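Welcome to this structure. Please look it over first, then read the points below with the model open beside you.

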Amino acid sequence: MKEKEYLKELEKLEKDLFINEVFSYESTFIKGLERSMSNIFKGFGKSLEFQNPISEEGILFLSENIQNGVVEYFSLSESLIKIFEPFKYAIHEEDQTIFFQSTCMLEIFSNYLQSENFEIDFDGEDPIFDFMYHLYYADDEGNKEKVLDILYNFHLKLSGFIVYRDHLKLFRFFNREFLIEPNDNHIPIRIALLDSLNLINDLNNNVPNKENIYRIIHAIVGGNEDNVKKYCLSLIGKNSLSQKQITRKHKEFARKYINEKKL
């Protein structure tokens with residue numbers, strides 16, 4: 001091989017190695033996005049939680065003005081909404097972390113980089129490469145700060161879009177313990193109120209036949225007797241694994257409700 005051809009092949013190899021090295025940060029980049037989006041979702045949980053039971057009608061009433069407000073607050077243009085529309089995710093119910101497909105997120109982020117007028121130009125053929133080059137390799141600290149700002153604003157606008165598109169689903173997700181279904185007299189709240197009045201503890205101490213405890217409670221609160229038993233077991237049973245649980249949220253509401261009535 002001639003020296004000129006050899007140098008050309010060497011240059012191509014170095015370029016390929018550099019490209020592969022830059023793209024090796026894709027997984028790190030995606031994991032970072034998942035972590036930060038999970039933190040945002042935990043913030044969503046706190047801001048979208050209700051302190052009192054709410055019906056479907058109540059949620060629909062609250063949602064009427066949400067979309068317009070979110071569009072204005074997060075400056076969501078029609079073009080951005082179109083870019084974000086393919087975004088799909090799943091939420092872990094217990095710790096409220098978010099999961100999404102990395103290919104889907106990269107495609108959305110790539111389109112986002114080309115949609116806005118940024119101070120840094122991103123090559124239409126491969127904007128993700130340009131972004132990660134500036135983030136991980138570029139010596140210009142000014143450019144690194146700019147791409148970090150771009151990333152921050154991307155998070156912000158994507159979060160706004162999620163509220164814009166999925167606010168009804170999020171309301172239901174973060175308030176499933178307090179959501180009153182049609183024809184539901186919200187048994188766990190009623191049982192939590194009785195527990196806060198110490199009635200269930202008294203019955204547990206003074207009624208020998210535990211089955212009678214559930215029958216007494218059922219006579220007071222109504223509903224499905226088997227469900228009432230499961231809710232009571234979460235208070236006075238041992239290691240109840242049923243999904244029918246009287247939660248901290250129910251108990252806090254009951255204590256607050258009773259204390260307000262005492263005042």
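1. Helices (H or I, at least four residues) and strands (E, at least two) are DSSP runs, numbered from the N terminus. By that rule, the protein has 13 helices and four strands.

2. A word on the source: this is a predicted model, in which local features need pLDDT of at least 70 and side-chain atom pairs count only at pLDDT 80 or more, while totals for chains, interfaces and linings use all residues. Residues are numbered from 1 along each chain as its sequence is written, and side-chain values use heavy atoms, with hydrogens and water left out.

3. On confidence, pLDDT is the predictor's confidence in each residue, from 0 to 100. Its mean over the protein is 79, and 84% of the residues reach 70 or more. Please read helix α1 (residues 3-23) with care: among the elements, α1 has the lowest mean pLDDT, 55, whereas α5 has the highest, 94.

4. How much of the protein is buried? Buried means under 20% relative accessible area, exposed over 50%, and partly exposed in between (1.4 Å probe, protein chains only). Of the 263 residues, 38% count as buried. The protein exposes about 16500 Å², of which carbon and sulfur atoms supply 49%; these accessible areas come from the Shrake-Rupley method with a 1.4 Å probe, and for residues only the protein chains shown count as cover.

5. Now to the inside. A nonpolar core is a set of buried Ala, Val, Leu, Ile, Met, Phe, Trp, Tyr and Cys residues joined through side-chain atoms within 4.5 Å. The largest one has 49 residues, and Phe29, Phe84, Phe109, Phe131 and Leu158 have the most contacts inside it. At least two residues of this core come from each of α2 (26-48), α4 (66-73), α5 (78-84), α6 (102-115), α7 (127-136) and α8 (141-174). The biggest giver is α8, with 13 residues. Apart from this core lies another, of 21 residues, including Phe178, Leu194, Val207 and Tyr231.

6. Contact means heavy atoms within 4.5 Å. Leaving aside neighbours within four places in sequence, Phe109 is in contact with Phe29, Ile128, Phe131, Leu151 and Phe154. For the protein as a whole, among contacts between residues at least 6 apart in sequence, 68% join residues at least 24 apart.

7. Which residues does Gln67 touch, beyond its neighbours within four places in sequence? They are Tyr164 and His167. Gln67 sits in helix α4 and counts as partly exposed because its relative accessibility is 34%. Gln67 and Gly160 are 93 residues apart in sequence, yet 9.6 Å apart in space, C-alpha to C-alpha.

8. Is Ala138 buried or exposed? Ala138 counts as buried, because its relative accessibility is 9%. Its place is in the loop between α7 and α8. Not counting residues up to four places away in sequence, Ala138 touches Tyr133 and Lys144.

9. Two backbone angles deserve a look. Most residues other than glycine have a negative phi. Ser75, in the loop between α4 and α5, has a positive phi, near 50 degrees. Asn198, in the loop between α9 (187-196) and α10 (199-206), has a positive phi too, of about 70 degrees. Ser75 counts as partly exposed because its relative accessibility is 49%; Asn198 also counts as partly exposed, because its value is 36%.

10. Finally, a pocket. On a 1 Å grid over the protein atoms alone, a pocket is an open set of points where a 1.4 Å probe fits, with protein on both sides within 12 Å along at least five of seven lines; lining residues have an atom within 4 Å of a point. The second largest pocket is lined by 17 residues, of which Glu49, Phe174, Glu177, Arg248 and Lys249 lie nearest its centre. The elements giving two or more residues to this lining are α8 and α13 (248-262). The largest share, five residues, comes from α13.
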